[in-house]
Structures are given as structure tokens and as C-alpha cells.
Amino acid sequence: MGSKRKVCIIGAGPCGTSALFHFDQISDPSTEVVCYEKSDTWLGLWNFTWMTGTDEFGELCHGGMYRHLWSNGPKEGLEYPDYTFDDHYGKAIPSFPPRRVLRDYMEGRLVKKSKSDLKRFIKWNTVVRYVTYNQKSDDFTVTAEELKTGRTFENKFTHVIVASGIFNNPNKPTFDGIETFPGRTIHSHDFRDAAQFKGQRVLVVGARYSAEDVSLQCMKFGAKSVVTSYRSKPMNFKWPSGIEERPLIKKIDGKIIHFIDGSSAEVDSVILCTGYRYCFPYLEDNLRLKSTLSVYPAGLYKGSLWLNGGNRKMFYMGIQDQYFSYTMFDAQGLWISRFITGTLPSEPKSIEEMKKEEQKWVQRRQNVKDCHDDIDVQADFIADLSIGTGYHPNAPTARAAFHKWEQDKDENIVTYRDQQFKSVYSGTIAAKHKPWFEDFDDSIASFIK
Ligand code: NAP
């Protein structure tokens, strides 16, 4: 393939489109970019679908988006430096937007700030079936299928960017007696509308973001009560009346849930908010990340370049546990596109140097004490990605919003979304909004009014 580069991006979600955006900005004539996207639209899990399990083509349903999802983090922590929320909406808006407001914002940047029509790079309804690295030719063979025609084809690429997301393959633990539970049992990936649990006593299993949000959503939309069950540690929020925490399930007997502390509760439905498993079945073994969720999973230089195969020509995006999300994906997209096109000022390091640096970060992550340390790891990771790329220096300073957000949640889990934050790029202070718990209108028009 000579000095020409041919880059395959797998997935056109917030990660893949960030990479596309930056390749388009660089517009290197020697670099061709193709993006394979399984669905017929971009921005991945930020699209809502009624479907669960499998989609219209029999493929694993990608997203776990639900009808009334509002951001659980302040938008000031995930803003694009070159296209702020002010730029998109033309005025200050509140800090915790509903899903449609965020999707609209991301799309606005892709359409308005790109040099060309990014959609021309994307092959829609095309699912990647297999990726292998060819030692001899130092390139990759990507096998993909056009879902609408069933045609399978192969293409060669010099580089591969894996951006297919990490919240698509639900982790489903089982519990003694769960098969005989007479009510409905679902994973949060299949949770579509809290209103379906109105009047019910709900058991929520898990103790992180989905557990916290699904519990609150259920109460907001009229559930009778929620009991949450934790494995490692309780969330310990000052819950509103109706929500309480219990330890792990011991066994389930009909509608009665027995917990390991000897307590029990009768419930009508069970929602497993037990997270996801990294899932890259289309990658050959030595290219496949195998890890549990972490802000710095092992095996990646700059959290992006795969060190265990693919001759430093394969990249992962957005596989970190997330605080900064869009900002982090954007900083990653910029670093990867600059690395591939050879437009970083410093020369790539040797693989040994890269591994040494990666180990420093993995060690640091292993020593974190709490969520505040994790926030700092991610902020410093963004700063590290920005070395040489010129990514906005204020990006890591948005860490202050996340530290404050954690405190707000501890103070009042029901009202943390009513707080206002300041943009580190525009300096704008977010607008005030009706209390989240009382607001049932999540349309864009209502939110930005
Ligand atoms: P997660 O952060 O991976 O949390 C998984 C939870 O499941 C943990 O508490 C874990 O407990 C528990 N768990 C796993 N296996 C278990 C088992 N066998 N028994 C009992 N508990 C078990 O996943 P998540 O909460 O679904 O969050 C995923 C992502 O979705 C996050 O990035 C989050 O921000 C996002 N999200 C966003 C919103 C929103 O914007 N409104 C709402 C929901 C989710 P351990 O701690 O013991 O491992």
C-alpha cells in the first residue's frame, strides 16, 4: 500500500465520529478513512429505540437508552472546546440536559464544524464480522457484512480504530431462585421507560450509575418503592422516602427476596443494573481487550494505542469508565488522528517506552482511593493526550465540576441535577431550570426555553 494510509473506524458513535471529525480537520491527502456503522444513523447509544435483545437485522441491540434519560453528569464536564453549548443553542442552558438535547448538540458540531460532510465516510448498516492483523503485509483484513443485502466483503487497512462502544453487552448475574420469580426481570440495557413500573415494588440490583438513576426514575414515574441491592459497597445516598439499600441477594423465593444480612423484601419486578462486559467478538484474540471496567484499562499506550498486537496500528476509543465522555473521546480522536497521520511533533516512542508509560498509568489507577482520585486520573489522562496535539488546555480543568458534582450527589441525590455549573471554555454559567424530579417534559424546546 506504499505510503498511503487506509484507516478503518469501527462504529460511528460519539467516539468514531470524533475520530472522523479530526481526520477531516487534518485532511491529509495520503490518508483515506472509512467508517463501518452497524445502524443507519450516527451517535450510537444516544439514539432511542423501543427494541431490546436483537434489532431488525437480528444483531445485538446496541443501545440501552431510555425514554426519560437526563444526563447524570454536568454538561460543563463533557463540552467540546471548539463548539460550546452556547455556540449550539445560542444562549445559556441548564447543566443536566435530557438525551435529545445532548444528541442534538453532538450532531450540531459534526455538521457545523466539519470541513466536509462527514457522512460520506460512513458505510451504514454495515457490521464488522472479523478483523485480523497480517504479519507479513503489516496490515489488517477487515471482514464486514452489509446488513441490508447480506453481502460479506473483505477490505485491507493500514490502521484500525475500534470505537464500537462498551455499554452494549449486558453483564447478567444469576441468583438462586430467580428462575421462579413470578414478576418481570430485565437488565437495565432493556429498560426503556420508568413509567412501566408505576405502582410497583421494584428491586434494583447494582450500586453504580444505572442503579442510582433507574431507582430515581422509577420513583419519579410512580413506582411504589425501590429496594436496591449492592455487592461491594452501598451507594449511601440520602435517598428520598421509598428507596432503601440492602446487601447482596442470598436467594429468591417467589416474590420474596432474601438478602445476605437476613432481611427480606417482597417485590413485583427486578431490574439488574449490573453493568456491562467489554465485547469485541469481531477481533482476533491478540487484538482483543480483555479487562473489567476501569478509568485506565491495561494494554493501551495513551489509553488508546493497543500494545499487545497489530504493530501499534490498532487503537481503541472510549473504553475507559467515564466522567468527561465526549471531551475525552474528542481529545482521543485528535491524538489518534494526529498519531496516524504523523502530525504529532514528537516521534513515536519505542514499544518498550510505551509499555513503561502505560504501566505508570495502570499503577496509578490501581492506587486510587475514591471517585475523586478517578476523576483526577481521567483529567490528567486528557492533559496527557493533549501533549503535542494542541487540545484546549482548559479541558482538564473541568475536573472541578466533577468533584463538586460528587459532593452535590452526596448532599442530595434528588436535587444534584438542579445545580448550575460554569463552562471552562465560554465562562457561561448554566441557566436555572425547573427541579429535575418535577420535570416530565424532556423535549428540546422545553429544556432550552
Ligand atoms: P457499572 O458502572 O459498571 O456498574 C455496575 C454495577 O453492577 C456495580 O455496582 C457492580 O457492583 C454491580 N454488579 C456487577 N455484577 C454484579 C453481581 N454479580 N451482583 C451484584 N452486583 C453486581 O454500570 P452502570 O451503572 O450500568 O453504568 C454504565 C454507564 O452508563 C456509566 O458510564 C453511566 O454513567 C452510564 N449511565 C448514564 C445514565 C445517565 O446519563 N442518566 C444513566 C445510567 C447509566 P461492584 O461495585 O461490586 O462491581
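## Ligand shell and domains

Domain 1 (5-168 + 276-406) and domain 2 (178-272) each supply at least three residues to the shell around the ligand; the domain bounds come from an automatic or database domain assignment. The model is predicted, with local features needing pLDDT of at least 70 and side-chain atom pairs pLDDT 80 or more, while totals for chains, interfaces and linings use all residues. Residues are numbered from 1 along each chain as its sequence is written, and side-chain values use heavy atoms, without hydrogens and water.

The ligand is surrounded by 25 residues, of which W70, R208, S210, R231 and S232 are the closest; a residue counts if one of its heavy atoms lies within 4 Å. By class, the shell has 13 nonpolar, 8 polar and 4 charged residues, with Gly counted as polar and Asp, Glu, Lys and Arg as charged. Helix α4 (residues 209-220) contributes the largest share, 3 residues; helices are DSSP runs (H or I) of at least four residues, numbered from the N terminus.

## Polar contacts and burial

Polar contacts here are pairs of N or O atoms within 3.5 Å. Ligand oxygen atoms lie 2.3 Å from a side-chain N or O atom of S232, 2.8 Å from a polar side-chain atom of R208 and 3.2 Å from one of N72. The protein buries 84% of the 930 Å² that the ligand exposes when taken alone (Shrake-Rupley method, 1.4 Å probe).

## Nonpolar core

The largest nonpolar core has 96 residues, and I9, I161, F191, I271 and W335 have the most contacts inside it. Such a core joins buried Ala, Val, Leu, Ile, Met, Phe, Trp, Tyr and Cys residues through side-chain atoms within 4.5 Å, buried being under 20% relative accessible area (1.4 Å probe, protein chains only). Helix α5 (residues 326-340) gives the most to this core, 9 residues. At least three core residues come from each of domain 1 and domain 2.

Terms used: A polar contact is a pair of N or O atoms within 3.5 Å; within protein, one must be able to donate a hydrogen and the other to accept it, and residues adjacent in sequence count only if both atoms are side-chain atoms. Helices (H or I, at least four residues) and strands (E, at least two) are DSSP runs, numbered from the N terminus. Buried means under 20% relative accessible area, exposed over 50%, partly exposed in between (1.4 Å probe, protein chains only).
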